[in-house]
Amino acid sequence: MIKFTIITVCYNAEDSIAKTVGSVLQQTYKNYEYIIVDGASKDNTVHILEEYKNPLMCIYSEPDKGISDAFNKGISYSQGEYLCFLNSGDYFIDKDVLKNVFRDLE
């Protein structure tokens, strides 16, 4: 079974992070890991992420050198066969996106 890694990078994303995380956690295909790389936000982003805490999620909140550095951190933490970058504010259109991608890859 294919394992996906979904990577979200964010910084001060309290207005958009909940929609992004919710769209990932509602996926019907569950063989994925969800890595969130937060650049040490100064707003409520990390607090919001903690409310969604899930065994499929790993949250890293630390200063970085910008978005490319955050992407690279997410990649270095990943263990999936396929990577998906879903930035804060982005979201899966429905709960079956990963299931449909898996089906198409098969």
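Predicted model: local features only at pLDDT ≥ 70, side-chain atom pairs only at ≥ 80, totals over all residues.
Figure 1. Is aspartate 96 buried or exposed? Aspartate 96 counts as buried, because its relative accessibility is 17% and the cut-off for buried is under 20%. Lysine 95, by contrast, is partly exposed, with a relative accessible area of 41%.

Figure 2. The structure holds four salt bridges, one of which joins the side chains of glutamate 62 and lysine 73 at 3.0 Å, N to O. Glutamate 62 is partly exposed, at 30% relative accessibility. Lysine 73 has a relative accessible area of 15% and is buried.

**Figure 3. The buried residues of helix α1.** Helix α1 spans residues 17-25. Which residues of this helix are buried? They are Ile17, Thr20, Val21, Ser23, Val24 and Leu25. Among the elements that cover the buried residues of α1 are the strands β1 (4-10), β2 (32-38) and β3, together with helix α2 (45-51).

**Figure 4. An edge-to-face pair of aromatic rings.** A pair of aromatic rings is described by the distance of the centres and the angle of the planes. The count of aromatic pairs in the structure comes to five. In one of these pairs, phenylalanine 4 and tyrosine 29 are edge-to-face, with 5.5 Å from centre to centre and 75° between the planes. Phenylalanine 4 lies in strand β1 and tyrosine 29 in the loop between α1 and β2, so the pair ties together parts that are 25 residues apart in sequence. Phenylalanine 4 and tyrosine 29 are both buried. Phe4 and Tyr29 also belong to one aromatic cluster with Tyr82 and Phe102.

Figure 5. Tyrosine 60 and tyrosine 77 form an aromatic pair that is stacked, with 3.8 Å from centre to centre and 20° between the planes. Tyrosine 60 is in strand β3 and tyrosine 77 is in helix α3, and the pair links these distant parts of the chain, 17 residues apart. Tyrosine 60 is partly exposed, with a relative accessible area of 26%. Tyrosine 77 is partly exposed too, with a relative accessible area of 26%.

**Figure 6. A lysine over an aromatic ring.** Where does the charged end of lysine 19 sit? The charged end of lysine 19 sits over the ring of tyrosine 91, at 4.1 Å from the ring centre.

**Figure 7. Leucine 56 and its contacts.** Leucine 56 is in the loop between α2 and β3. With a relative accessibility of 24%, leucine 56 counts as partly exposed. Which residues is leucine 56 in contact with, leaving aside its neighbours within four places in sequence? The contacts are Lys30, Tyr32, Glu33 and Tyr34. Leucine 56 and alanine 18 are 38 residues apart in sequence, and their C-alpha atoms are 16 Å apart in space.

**Figure 8. Cysteines without a disulfide.** A disulfide is a covalent bond between the sulfur atoms of two cysteines. A search of the whole structure finds zero disulfides. A disulfide would need the two sulfur atoms within 2.5 Å. Cysteine 10 is buried, with a relative accessible area of 8%. Cysteine 84 is in no disulfide either, and the nearest cysteine sulfur, that of cysteine 10, is 15 Å away.

Technical notes
Residues numbered from 1 in each chain as written. Heavy atoms only, no water. Buried < 20%, exposed > 50% of the residue type's maximum accessible area, 1.4 Å probe, protein only. Helix = DSSP H or I, 4+ residues; strand = E, 2+ residues; numbered from the N terminus. Contact = heavy atoms within 4.5 Å. Phe/Tyr/Trp six-rings, centres within 6.5 Å; stacked < 30°, edge-to-face > 60°. Lys NZ or Arg CZ within 6 Å of the ring centre and 35° of its normal.
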